[in-house]
Amino acid sequence: MNWHNPLIAQRADPQISLVDGRYWFTASVPSYDAIEVRSADSIAGLATATPKVIWTKHESGPASFHVWAPELHRIDGRWYVYFAASERDDIWKLRMYVLECEGDDPLQDSWVERGQIATPEEGFSLDATPFEHRGRRFLCWAQKSPPTESNLYLAEMANPWTLKTEPVIITRPELAWERIGFCVNEGPAVLKRNGRVFIAYSAAATDANYCMGLLWADENADLLAGHSWHKSPTPVFTTDESVSQFGPGHNSFTTTPDGQTDLLVYHARNYRDIVGDPLNDPNRHTRVQAFGWRDDGFPDFGTPVADGPYSLGD
């Protein structure tokens with residue numbers, strides 16, 4: 001397999017999934033006003049696949065501004081998109097929403113709004129990602145509580161847009177590298193392997209300080225018990241100035257078509273200095289690279305690769 005990094009320009013918060021032999025891609029668009037989806041039979045093919053806008057922001061009220069970080073998931077034979085959006089008249093009133101496809105083809109069939117994911121502590125929330133474990137479906141997301149920091153929460157789901165249990169906090173931004181610029185834990189992505197449930201997440205401000213951390217719990221543990229989760233004391237994927245890759249993060253996971261090689265999908269910039277608010281700089285590009293596993297069963301993400309051709313070999 002071969003592709004070119006960056007794979008897709010100006011697409012932050014990227015998610016690539018492999019479903020029934022096809023790759024599906026979605027991410028934040030620079031205008032933060034719509035959700036687009038594209039598909040291809042290879043990673044490289046996503047770069048030239050035609051994106052289809054499946055939903056656009058409302059003119060006013062909820063979901064009318066800051067449309068962020070969509071994720072496309074296949075759940076019980078149906079397609080869903082999870083995303084965050086705020087309001088034109090209150091641009092930081094960010095909440096989580098769900099769309100459902102009415103048919104089997106996300107690119108052709110219509111989508112309906114299933115509404116907001118209600119959380120007990122109504123507040124700034126984003127980056128919802130669902131996953132299944134031991135026959136139960138969970139949702140992990142980021143939420144500000146107290147208002148000065150963004151924590152990761154976990155709850156069981158009653159259906160794809162409704163929580164079943166009280167949310168629990170599984171990590172707070174307590175370490176120095178998680179508190180640069182802003183106190184942030186966000187962008188969770190789930191990986192199950194070697195008897196553990198791993199959750200990669202992103203931390204710090206969205207500039208060159210942005211980086212990935214790692215949580216893990218034993219696969220037999222109660223995932224809804226905060227003490228079941230452990231955190232790496234150091235970041236696991238960070239800026240590498242030697243290859244001009246800055247602020248890597250907000251990742252997702254996929255594999256090669258044969259499932260034999262794990263792939264890390266993330267965004268990064270190829271320069272450090274940003275003029276103005278980093279959120280208004282559109283050049284967080286989607287990148288993909290392989291990663292391996294250490295002898296102790298933990299993922300080894302390595303370091304960001306330089307821009308240019310990327311090959312997994314034959």
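In the predicted model, strand S7 (residues 78-87) and strand S8 (residues 90-101) pair in the antiparallel sense through seven bridges, and within this pairing Tyr 82 stands opposite Val 98 in S8. Both strands belong to an open sheet of four strands, arranged in the order S6-S7-S8-S9 with antiparallel pairing. The edges of this sheet are formed by S6 and strand S9 (111-116), each of which pairs on one side only. Between neighbouring strands of the sheet the average turn is 25°, with direction ignored.

The largest nonpolar core comprises 27 residues, of which Trp 68, Leu 154, Ile 170, Leu 223 and Trp 229 touch the most other members. At least two residues of this core are supplied by each of several strands, including S6 (65-75), S10 (125-133), S11 (136-144) and S12 (149-159); strands S14 (168-171), S16 (196-203) and S17 (211-218) likewise each supply at least two. The largest contribution comes from S16, which gives four residues. When neighbours within four places in sequence are left aside, Leu 223 is in contact with Phe 131, His 133, Phe 138, Leu 154, Ile 170, Val 197, Ala 217, Asp 218 and Trp 229. Apart from this core lies another, of 18 residues, among them Ala 63, Leu 72, Trp 79 and Phe 83.

Strand S17 is mostly covered, seven of its eight residues being buried. This strand is joined to S16 by eight bridges, the two running antiparallel, and the bridge partner of Phe 198 in S17 is Trp 216. Strand S17 is also joined to strand S18 (residues 230-231), again in the antiparallel sense, by two bridges, with Leu 215 standing opposite Lys 231 in S18.

Because Arg 134 lies in the loop between S10 and S11 whereas Glu 219 lies in the loop between S17 and S18, the pair ties together parts that are 85 residues apart in sequence. Glu 219 has a relative accessibility of 30% and therefore counts as partly exposed.

A second salt bridge is formed by the side chains of Asp 262 and Arg 193, at 2.9 Å from N to O. Here Asp 262 lies in strand S20 (residues 262-269) and Arg 193 in strand S15 (residues 183-193), so that parts 69 residues apart in sequence are tied together by the pair. Asp 262 counts as buried, because its relative accessibility is 6%, whereas Arg 193, with a relative accessible area of 30%, is partly exposed.

Arg 272 and Glu 241 likewise form a salt bridge, in which the closest N and O atoms are 3.2 Å apart. Since Arg 272 is located in the loop between S20 and strand S21 (285-293), and Glu 241 in the loop between S18 and strand S19 (246-255), this pair ties together parts that are 31 residues apart in sequence. Arg 272 counts as partly exposed at 39% relative accessibility, while Glu 241 counts as exposed at 52%. Finally, Arg 11, Glu 36 and Arg 38 are linked in a network of salt bridges.

Key. Residues numbered from 1 in each chain as written. Predicted model: local features only at pLDDT ≥ 70, side-chain atom pairs only at ≥ 80, totals over all residues. Heavy atoms only, no water. Core = buried A, V, L, I, M, F, W, Y, C linked by side-chain atoms within 4.5 Å. Buried < 20%, exposed > 50% of the residue type's maximum accessible area, 1.4 Å probe, protein only. Contact = heavy atoms within 4.5 Å. Pairing = 2+ DSSP bridges. Salt bridge = Lys/Arg side-chain N within 4 Å of Asp/Glu carboxyl O. Axes fitted to C-alpha atoms, helices over the stretch in contact; angles between N-to-C directions.
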